[in-house]
Amino acid sequence: MAPPLLLVLFLLPALAAAHQGPSSYGSSALTEWRNAKASYFSIDPEDAVGGACGFGDLGKHGYGMATVGLSTALFERGASCGGCYEVRCVEDLKYCLPGTSIVVTATNFCPPNYGFPADAGGVCNPPNHHFLLPIQAFEKIALWKAGVMPIQYRRVKCLREGGVRFSVSGKGSFFTVLISNVGGAGDVRSVKIKGTESGWLSMGRNWGQIWHINLDLTGQPVSFELTSSDGTTMTNFNVVPKDWEFGKTYTGKQFLL
């Protein structure tokens, strides 16, 4: 039975891809294997939109169904949004599916439940490293009867189709952009923006991977400079054309793997 904290979760999509046999992500690993725990929740795939990273329709923004909600210790106030994690079941010979792993993208937050101790019901409480998976993803690596199970995880490079997507919104001089479908490290740690009438200016993180600035960019092509957690910086010049409109999405270059 799903724990009480699931009632306050943002919605997650309901499927995840699995890798059978030895992992093919070894060459793209960004960290060593680390210990954590995972649990699951049930959701109708038709309702699988939203999330604390701001991605909304995860299929539309390039993530498909392989996603995860991270505990406070991993979520980093949204800085981890978009990052990819390879997860495998360990130690539990009764419930683990041997030789399997899944790669999921961080799109959501698993909030703490301070009504329970961290070691007795508050699975996403600090300092726990916890992965909350849709049951369809959980069952790729373990039987559902496992409940809360020990796992290992590592950050891996994200393999994306197409370029980085910039979805602009706002009103007047309040300009926001959702940055999605990011390859490589997958996350975005800093963003700079430039119009034809300004130099490079730093944007602030609104929430998740939505960034904002107070700047009138009407009639100007817009460029972005993105830096990810591995220190890689990529510039998309004039990716948003001068006739841009709020509510539209524009596609640029992709991080090289």
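Both D187 and R155 are buried. Buried means under 20% relative accessible area, exposed means over 50%, and partly exposed lies in between (1.4 Å probe, protein chains only). This is a predicted model, in which local features need pLDDT of at least 70, side-chain atom pairs count only at pLDDT 80 or more, and totals for chains, interfaces and linings use all residues. Residues are numbered from 1 along each chain as its sequence is written, and side-chain values use heavy atoms, with hydrogens and water left out.

Start with the charges. D187 and R155 join their side chains in a salt bridge, at 3.4 Å from N to O. The term covers a side-chain nitrogen of Lys or Arg within 4 Å of a carboxyl oxygen of Asp or Glu. D187 sits in the loop between β9 and β10, and R155 in strand β7. The two residues are 32 apart, so this pair links distant parts of the chain. Strands (E, at least two residues) and helices (H or I, at least four) are DSSP runs, numbered from the N terminus.

E76 lies in the loop between α1 and β4 (84–89), while R189 lies in the loop between β9 (174–180) and β10. The pair therefore ties together parts that are 113 residues apart in sequence. E76 is partly exposed, at 41% relative accessibility. R189 is partly exposed too, with a relative accessible area of 29%.

In total, the structure holds five salt bridges. Another of them connects E86 and R154, at 3.0 Å from N to O. E86 is in strand β4 and R154 in strand β7 (residues 149–156), so parts 68 residues apart in sequence are tied together. E86 is buried, with a relative accessible area of 0%. R154 is also buried, at 10%.

Charges meet rings as well. The charged end of R155 sits over the ring of Y85, 5.2 Å from its centre. For this, CZ of Arg or NZ of Lys must be within 6 Å of the ring centre and within 35 degrees of the ring normal. R88 lies over the face of W33, 3.7 Å from the ring centre.

Now the rings themselves. Y85, F131 and Y153 form one aromatic cluster. Rings of Phe, Tyr and Trp (its six-membered ring) pair if their centres lie within 6.5 Å; planes under 30 degrees apart count as stacked, over 60 as edge-to-face and the rest as tilted. The count by this rule is ten aromatic pairs. In one of them, the ring centres of F75 and F109 are 4.9 Å apart and the planes stand at 35 degrees, so the pair is tilted. F75 belongs to helix α1 (residues 72–75) and F109 to strand β5 (residues 100–109), so the contact ties together parts 34 residues apart in sequence. Both F75 and F109 are buried.

W200 and F237 form an edge-to-face pair, 6.3 Å centre to centre with 65 degrees between the planes. W200 lies in the loop between β10 (190–194) and β11 (201–202), and F237 in strand β15 (residues 233–240). This pair therefore ties together parts that are 37 residues apart in sequence. W200 counts as partly exposed, at 32% relative accessibility. F237 is exposed, with a relative accessible area of 60%.
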